[in-house]
Amino acid sequence: MPPAVRRLLIVHHTTSPALQELFEAVRSGATTDEVEGVETVTRAALRATAVDVLECDAVILGTPANIGYMSGALKHFFDTVYYPCLEETRRLPYGLYVHGNNDTGGAVRAVESIATGLGWERAHLPVTVTGTVRKDDLTACWELGATLAATISPV
């Protein structure tokens, strides 16, 4: 019997060309041919639901840093899924990427605080990018996607 396909969920709030580049690099890493048995599902933060989270085996979160915090859209996602997922998704592996013009620390702390409250387990250090996206930032995002996919691969 072949191993079951696992699901990697990418929840993102992509509001700028820089975030689009980062998102595409994460998705490229998550769907690399080097990792088998993982289906990647992407959802905009305002459209992601508790069912999406309950049906996934890992999640990657992407957000801009807005006024020292995660985007309102990603906060809305957490508000929507928190209680329906609180008991059912403990130990869910997660990763995070954040883009800001000059600081990402507040956004990272906020996401990590909520993820900790949910009992999720960080599977990769956050990828933080300030200012212009560089090649090494895209590589780090690709590695984030590939690492999370490999973490849950049944193969």
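## A walk through the aromatics and the cores

Start by selecting Phe77 and Phe78: both are buried. Keep in mind that you're looking at a predicted model.

Searching the whole structure turns up four aromatic pairs. For another one, jump to Tyr82 and Tyr83, an edge-to-face pair with 80° between the planes and 5.1 Å from centre to centre. Colour these two by accessibility: Tyr82 is partly exposed at 22%, whereas Tyr83 is exposed at 66%.

Next stop, the largest nonpolar core. Of its 31 residues, the ones touching the most other members are Val11, Val59, Leu61, Leu74, Phe77, Phe78 and Trp120. To see where the core comes from, switch to cartoon and pick out strands E1 (6–12), E3 (58–64) and E4 (93–100), then helices H2 (50–54), H3 (72–85) and H4 (105–118); each gives two or more residues. Which helix gives the most to this core? That's H4, with seven residues.

Zoom in on Val11. Ignoring neighbours within four places in sequence, Val11 is in contact with Arg43, Ala45, Ala48, Val59, Ile60, Leu61, Gly62, Leu74 and Phe77.

Last, select Ile10, Val26, Ala58 and Val127: they are among the 22 residues of another core, which lies apart from the largest one.

Conventions
Residues are numbered from 1 along each chain as its sequence is written. This is a predicted model: local features need pLDDT of at least 70, side-chain atom pairs count only at pLDDT 80 or more; totals for chains, interfaces and linings use all residues. Side-chain values use heavy atoms; hydrogens and water are left out. Rings of Phe, Tyr and Trp (its six-membered ring) pair if their centres lie within 6.5 Å; planes under 30 degrees apart count as stacked, over 60 as edge-to-face and the rest as tilted. Buried means under 20% relative accessible area, exposed over 50%, partly exposed in between (1.4 Å probe, protein chains only). A nonpolar core is a set of buried Ala, Val, Leu, Ile, Met, Phe, Trp, Tyr and Cys residues joined through side-chain atoms within 4.5 Å. Helices (H or I, at least four residues) and strands (E, at least two) are DSSP runs, numbered from the N terminus. Contact means heavy atoms within 4.5 Å.
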